Amino acid sequence: MKSIDEAYMKMALELAERGWGHTSPNPLVGCVIVKDGQIVGRGYHEKYGQPHAEVNAIWDAGESSRGATLYVNLEPCCHYGKTPPCSELIIKSGLKRVVVGMRDPNPKVQGGGIKQLLDAGIEVETGVREEESRRLNEIFIKHISKGEPFVILKTAVTMDGRTCTVTGDSKWITSEESRKLVHRVRANASCLVTGVETVIKDDPMLNVRLEGDWKNPLRVVLDSKARLPLGSKLLTNEPGNTLVCVTEDAGGEKVETIRRSGAQVLVLPKSENGVDVKALMANLAERGFDSVLVEAGARVNTSFLRAGLVDKVMMFMAPKILTGASSPSWTAGSPPSLMSEAIKLEGIWAESVGRDILVQGYIKGGRLCLPE
């Protein structure tokens, strides 16, 4: 692998990120075309239903594509969807070499695009910055491979693992930079799940508050007994984008009042902790949602973790120490008796966000699953 290939692939990945929050359920893809050591074309998939990255880059390069090298973080598609196959356009454009970050796990592709290029006599290099390519499209990979949403559990804690003080004060644990990043994460999620206790305590909007044109995720509230306050922002601001999940324990009159507010109501089976989160995830999968962001309290967090539904954990850790044993933690319930029973993470990395540290990792055994 040439270091120059990695450099150009990094550029392709940076271009791909420009589509953040706008391409779902399609992947994030960027493309760079290089000829005689000069970049002659750039492009990225800007929005779902619009031309793919390779198309935009080839259009940008024009006749300069002939004899050039194309860098793209995901294998070019070889099937007809909302747009024609990118592999055919690459062949017609006279490109001599294609460098790919990762193979496409889509069953309609899975090496087919690469094979078409090779059969046409184009040199193909794969696996350049593959881990970064997979991480960028972790949502797409799981959803297209398993038909299930990718689940991110996000939490914000002090250095001693507390989410608020003994009086419930939590504003603000983390920095403004961290909170802005959370809004960016929301913008790329299909659904945002929280618990009714969080709504009662904080009355959150759970929307995306960033400059520009961003979509809001579906706001899902786990509310087994329909205790959601009728004056809450989730029912008075875009109620049609709120899904309230109840059980048979909920009073019929309150449920109908919630429905009349414009919100969606879903009756799900009960579990020992309230709404059965596995049943919820099955329902969201049936609806075609590709990602879920869990922003909730300790009880909901623990329900998702113990049900084996979480793929990735994002922990924002502030440089603060509350001390004491009474302040709430981000998980709840009885702990295991053996360290071997702990939920393990892998693929860990950390970065500074403002004055905070963001630690991310994948639940062991479920990270960035790809078909063999």
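The model described here is a predicted one.

Helix α12 spans residues 298–306 and is mostly covered, with seven of its nine residues buried. Those buried positions are Ala298, Val300, Asn301, Thr302, Ser303, Phe304 and Leu305. After α12 comes Gly308, which has a positive phi near 70°.

## Helix α1 and its buried face

Helix α1 comprises 14 residues, 3–16, and its first and last C-alpha atoms lie 20 Å apart, close to the 20 Å expected at 1.5 Å a residue. Buried in α1 are Asp5, Tyr8, Met9, Ala12, Leu13, Leu15 and Ala16. Viewed down the helix axis, the buried residues of α1 fall within an arc of 155°, so they line one face of the helix. An α-helix has 3.6 residues a turn, so residues three or four places apart point the same way.

The partners of these buried α1 residues are the strands β1 (30–35), β2 (38–44), β3 (69–74) and β4 (97–102), and also helix α5 (130–136).

## Cis peptide bonds

Ser24 and Pro25 are joined by a cis peptide bond with omega of about 5°. Pro25 belongs to the loop between α1 and β1.

A cis peptide bond also joins Lys171 and Trp172, where omega is about -10°. Trp172 is located in the loop between β6 and α7 (176–187).

Arg129 is not a glycine, yet its phi is positive, at about 55°. This residue sits in the loop between β5 (123–126) and α5.

Glu238, likewise not a glycine, has a positive phi of about 50°. The loop holding Glu238 runs between α9 (233–236) and β9 (242–246). With a relative accessibility of 44%, Glu238 counts as partly exposed, because that class lies between the buried limit of 20% and the exposed limit of 50%.

## A nonpolar surface patch

Ile343, Leu345 and Ile348 make a nonpolar surface patch of about 250 Å². Of these residues, Leu345 lies in strand β15, which covers residues 345–353. Leu345 has a relative accessibility of 36% and therefore counts as partly exposed.

Note on methods:
Residues numbered from 1 in each chain as written. Predicted model: local features only at pLDDT ≥ 70, side-chain atom pairs only at ≥ 80, totals over all residues. Heavy atoms only, no water. Helix = DSSP H or I, 4+ residues; strand = E, 2+ residues; numbered from the N terminus. Expected span 1.5 Å × (residues − 1). Buried < 20%, exposed > 50% of the residue type's maximum accessible area, 1.4 Å probe, protein only. Arc of directions from axis to C-beta. Contact = heavy atoms within 4.5 Å. Patch = residues over 30% accessible without salt bridge, like charges linked within 9 Å, V, L, I, M, F, W, Y side chains within 5 Å. Areas by Shrake-Rupley, 256 points an atom, 1.4 Å probe, with all protein chains shown as cover. Salt bridge = Lys/Arg side-chain N within 4 Å of Asp/Glu carboxyl O.
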